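Biologist: I would like to learn how to read a structure feature by feature. Can we go through one together?

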Amino acid sequence: MNPLTMALALLAALSNAAASVLQRRAATDEPESGRGMRQAIRWLAGVLRRPHWLAGAGFLALSTALQASALALGSLSVVQPLLVTELLFTLAVGSVVFHRRPDRRTWLAFMALAVGLALFLGGADPSPGRSTAAPGRWLLTGVSLLGAVVLLVAVSRPVRGAPRAALLGMASAVSFAATAALLKEVTGRVARDPGTVLAQWPPYATVGAGAIAFLLLQSALRAGTLTASQPALTLGDALTSVVLGAVLFEEQIALGVRVLPEVTGVVLIGVGSIGLANAPSVRGAWDSASSTHNGADPGSPEPAPQRP
């Protein structure tokens with residue numbers, strides 16, 4: 001694996017983590033304005049003006065640039081899964097921003113998720129594949145991705161709290177994976193014929209998919225804590241990207257004896273998910289800005305008072 005590709009992907013993961021934490025901080029600072037489309041728009045307009053959100057947007061833009069550079073050098077099935085390190089970066093950055101340490105069970109759950117995905121990808125060893133998708137594959141793939149996002153959003157509507165944040169995080173993950181695949185398509189076409197790229201559809205589809213992913217991310221951040229939404233977001237992005245790499249760019253994964261670490265990785269991902277769902281941090285207010293002003297113990301999982 002190209003060391004420069006790895007470095008760029010890891011820096012993109014760090015920037016993504018900083019963006020998520022800062023924008024979650026902005027979400028906790030903005031008072032709820034009730035349910036309904038009008039109230040949601042009013043809430044979003046308030047969040048967009050907050051300094052923490054603007055700083056997060058800057059890190060998100062930096063992450064996009066780093067990700068595009070990594071995708072230009074490496075395969076989708078390698079670059080996107082490396083972003084699983086965003087989970088650990090999120091805990092580290094979040095602990096600084098919110099002045100609260102996540103409990104040991106949450107750390108162990110995150111580690112199980114990260115190690116599980118690392119084992120899976122290490123065993124899978126995705127091949128480089130094509131720089132652009134084979135002709136005719138984008139239409140069916142695009143319809144399938146859109147259907148998955150619509151289904152996840154529909155299922156999330158009647159639920160609240162951590163389950164809603166996780167479902168919206170997964171919908172955002174599918175959208176971000178689609179954005180990454182489109183971004184790789186763009187970089188591949190730029191390398192072939194840079195003069196005609198803006199006259200083709202991929203750049204505009206990338207912007208559209210990115211906008212949908214952005215809006216779903218804001219909804220996930222509003223719905224619940226980072227410990228509920230971030231695993232679904234990061235791991236969902238990575239696993240969806242492996243599938244898209246195979247379907248669109250013919251990036252193959254290894255089988256045979258390597259199935260053992262792949263299966264072990266999947267089991268660890270499941271164990272980590274169960275552990276995270278039962279961790280006190282999911283039920284508490286680890287990433288609530290108000291917890292830093294009420295005299296609560298930074299290590300305590302007790303929820304902070306609700307905002308008016």
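The dialogue below takes up a helix, a pocket, an aromatic pair and some backbone angles.

Modeller: Start with the origin of the coordinates. This is a predicted model.

Biologist: Which residues of α5 are buried?

Modeller: Glu86, Leu87, Thr90, Leu91, Gly94, Val97 and Phe98. Their arc around the axis is only 140 degrees, so they sit on the same side of α5.

Biologist: Where is Glu250, and what is its phi?

Modeller: Glu250 lies in the loop between α10 and α11 (259-277). Its phi is near 60 degrees, again positive in a residue other than glycine. Glu250 has a relative accessible area of 32%, so it counts as partly exposed.

Biologist: Now pockets. How is empty space found?

Modeller: Rolling a probe the size of a water molecule over the atoms shows where empty space is left. In this model, the second largest pocket has a volume of about 420 Å³.

Biologist: How many residues line the second largest pocket, and which lie nearest its centre?

Modeller: The lining has 22 residues. Leu60, Thr64, Gln67, Phe176 and Thr179 lie nearest the centre.

Biologist: Which helices supply at least two residues each to that lining?

Modeller: α1 (3-29), α3 (51-73), α8 (162-192), α9 (202-223) and α10 (226-249). The largest share is from α9, with six residues.

Biologist: What is the lining like by class?

Modeller: It has 11 nonpolar, nine polar and two charged residues.

Biologist: How many aromatic pairs does a search of the whole structure find?

Modeller: One. Trp138 pairs with Trp201, 5.8 Å centre to centre. The planes are 80 degrees apart, and the pair is edge-to-face.

Biologist: Which parts of the chain does the pair link?

Modeller: Distant ones, 63 residues apart. Trp138 is in helix α7 (residues 137-156), and Trp201 is in the loop between α8 and α9.

Biologist: Are Trp138 and Trp201 buried or partly exposed?

Modeller: Buried means under 20% relative accessible area. Trp138 has 12%, so it is buried. Trp201 has 40%, so it counts as partly exposed.

Notes. Residues numbered from 1 in each chain as written. Predicted model: local features only at pLDDT ≥ 70, side-chain atom pairs only at ≥ 80, totals over all residues. Heavy atoms only, no water. Buried < 20%, exposed > 50% of the residue type's maximum accessible area, 1.4 Å probe, protein only. Helix = DSSP H or I, 4+ residues; strand = E, 2+ residues; numbered from the N terminus. Arc of directions from axis to C-beta. 1 Å grid on protein atoms, 1.4 Å probe; cavity = no way out; pocket = protein on both sides within 12 Å on 5 of 7 lines; lining within 4 Å. Points joined across faces, edges and corners; volume = space filled by probe spheres on them. Nonpolar A, V, L, I, M, F, W, Y, C, P; charged D, E, K, R; others polar. Phe/Tyr/Trp six-rings, centres within 6.5 Å; stacked < 30°, edge-to-face > 60°.
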